[in-house]
Amino acid sequence: MELTGAVAVVTAGGGGLGAHLVHALAREGCHVVVADRDADAAARVAEEVRDGGGRATDVRCDVLVDDDLRALVDLTRGLGGVDLLVANAGGWGGASEQYPGAEVGDWSAVLDLNLRAPMLLLQLCLPSMRARGTGAVVTVASSAGVEAGAYGSPPYAAAKAGLVRITTSLADLGAEGVRVTTVVPGWIGLDRAHREWDALPEDERAGLPALVPPSLVAAEVVALARDGAGGRVVTLLDGERREVLHP
Ligand SMILES: NC(=O)c1ccc[n+]([C@@H]2O[C@H](COP(=O)([O-])OP(=O)(O)OC[C@H]3O[C@@H](n4cnc5c(N)ncnc54)[C@H](O)[C@@H]3O)[C@@H](O)[C@H]2O)c1
């Protein structure tokens, strides 16, 4: 896909990894739609892009609200339709009570954020991508979804594993020009992570893989958007890049 002039939606683009993805795609010449539930954060990042000479539009969008997702897709119609969807919004919030101890509403919200929302947004973007015979979707999964050990948030791990499998399940869309791919990062070196990392005892730190630079994740998202084959899953774990599970 030619990224210059492409309309790229980044969910949770107002902060964290999403802001890095927005800037990386804007540098490639995309018109980036910065979608975030925090309207001020989305506006700030879009303004940074425009100040740097790039193109960006901000929109308040909570990916947990179906009508917000529909409004987001409607807005992009005015820009010519979504060429690239980066389903980045996700997380588990670090709640102390986790499944199976947590209330159903709490753990199902984690499934909704990390799996249902990207699935629904992809579904909403698909008709126009199919009609034009071109489109790319890059989802952001996590090492939590591909590792086999115990994990602090089981619904988060399950949802991210589901995201990987959704990607591979949809590989056939590639025949219609729509490529669905996913990137699977380990712990990303965002500001918050660096603070947590620095607070760890040295022996604990020594046993952990290095933080994944956000620029590396952004470069992978750009590469997958440009020409990643449908169904491709790329892991950025333990200092290594691997392509797994693609047809
Ligand atoms: N941080 C990591 O180390 C790490 C590692 C692996 C994978 N990931 C994945 O990367 C993605 C981004 O992670 P992050 O750490 O940048 O997240 P984050 O929590 O730091 O993201 C912050 C942004 O998300 C927005 N946001 C939160 N909930 C939203 C919602 N419901 N709708 C729209 N916007 C919302 C916030 O307003 C904020 O701008 C997630 O899918 C996460 O699971 C993160």
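**The cavity, and outwards from there**

Modeller: Searching the whole structure turns up one cavity of 30 Å³ or more. Please keep in mind that this is a predicted model. Which residues line the largest cavity? They are Thr11, Val63, Leu69, Ala87, Ala89, Leu113, Ala117, Pro118 and Leu121. Helix H4, which covers residues 104–132, gives the most to this lining, with four residues. By class, the lining holds eight nonpolar residues, one polar residue and no charged ones.

Now for the ligand. There are 27 residues around the ligand, and those that come nearest are Leu17, Asp36, Asn88, Tyr156 and Ile188. Here the classes are 13 nonpolar, eight polar and six charged residues. Helix H1 (16–27) and helix H5 (154–169) each supply at least two residues of this shell. A polar side-chain atom of Asp36 sits 2.5 Å from an oxygen atom of the ligand, and a polar backbone atom of Gly15 is 3.3 Å from a ligand oxygen. Asp62 also takes part, with a polar side-chain atom 2.9 Å from a nitrogen atom of the ligand. Taken alone, the ligand exposes 830 Å², and the protein buries 84% of that.

Next, have a look at His31, in strand S2 (residues 31–36). Is His31 buried or exposed? His31 counts as buried because its relative accessibility is 13%, and the cut-off for buried is under 20%. The side chain of His31 makes a polar contact of 2.7 Å with the side chain of Thr57. Thr57 belongs to strand S3 (residues 55–60). With a relative accessible area of 22%, Thr57 is partly exposed. Thr57 and Arg27 are 30 residues apart along the chain, and their C-alpha atoms are separated by 15 Å.

Helix H5 comes up again with Arg165, which has its place there. Arg165 has a relative accessible area of 54%, so it is exposed, the cut-off being over 50%. The side chains of Arg165 and Thr168 are joined by a polar contact of 2.8 Å. Between Arg165 and Val137 there are 28 residues of sequence separation, and 14 Å in space from C-alpha to C-alpha.

Finally, let's turn to the backbone. Most residues other than glycine have a negative phi, and most peptide bonds are trans. The peptide bond from Tyr99 to Pro100 is cis, with omega near 10°, and Pro100 lies in the loop between strand S4 (84–87) and H4. Ala12 has a positive phi, near 55°. You will find Ala12 in the loop between strand S1 (7–11) and H1, where it is partly exposed at 23% relative accessible area. Asp238 has a positive phi as well, near 50°. The loop holding Asp238 runs between strand S7 (233–237) and strand S8 (240–244), and Asp238 counts as exposed at 59% relative accessibility.

Terms used:
Residues numbered from 1 in each chain as written. Predicted model: local features only at pLDDT ≥ 70, side-chain atom pairs only at ≥ 80, totals over all residues. Heavy atoms only, no water. 1 Å grid on protein atoms, 1.4 Å probe; cavity = no way out; pocket = protein on both sides within 12 Å on 5 of 7 lines; lining within 4 Å. Points joined across faces, edges and corners; volume = space filled by probe spheres on them. Nonpolar A, V, L, I, M, F, W, Y, C, P; charged D, E, K, R; others polar. Near = heavy atom within 4 Å. Polar contact = N/O pair within 3.5 Å; in protein donor to acceptor, adjacent residues only side chain to side chain. Areas by Shrake-Rupley, 256 points an atom, 1.4 Å probe, with all protein chains shown as cover. Buried < 20%, exposed > 50% of the residue type's maximum accessible area, 1.4 Å probe, protein only.
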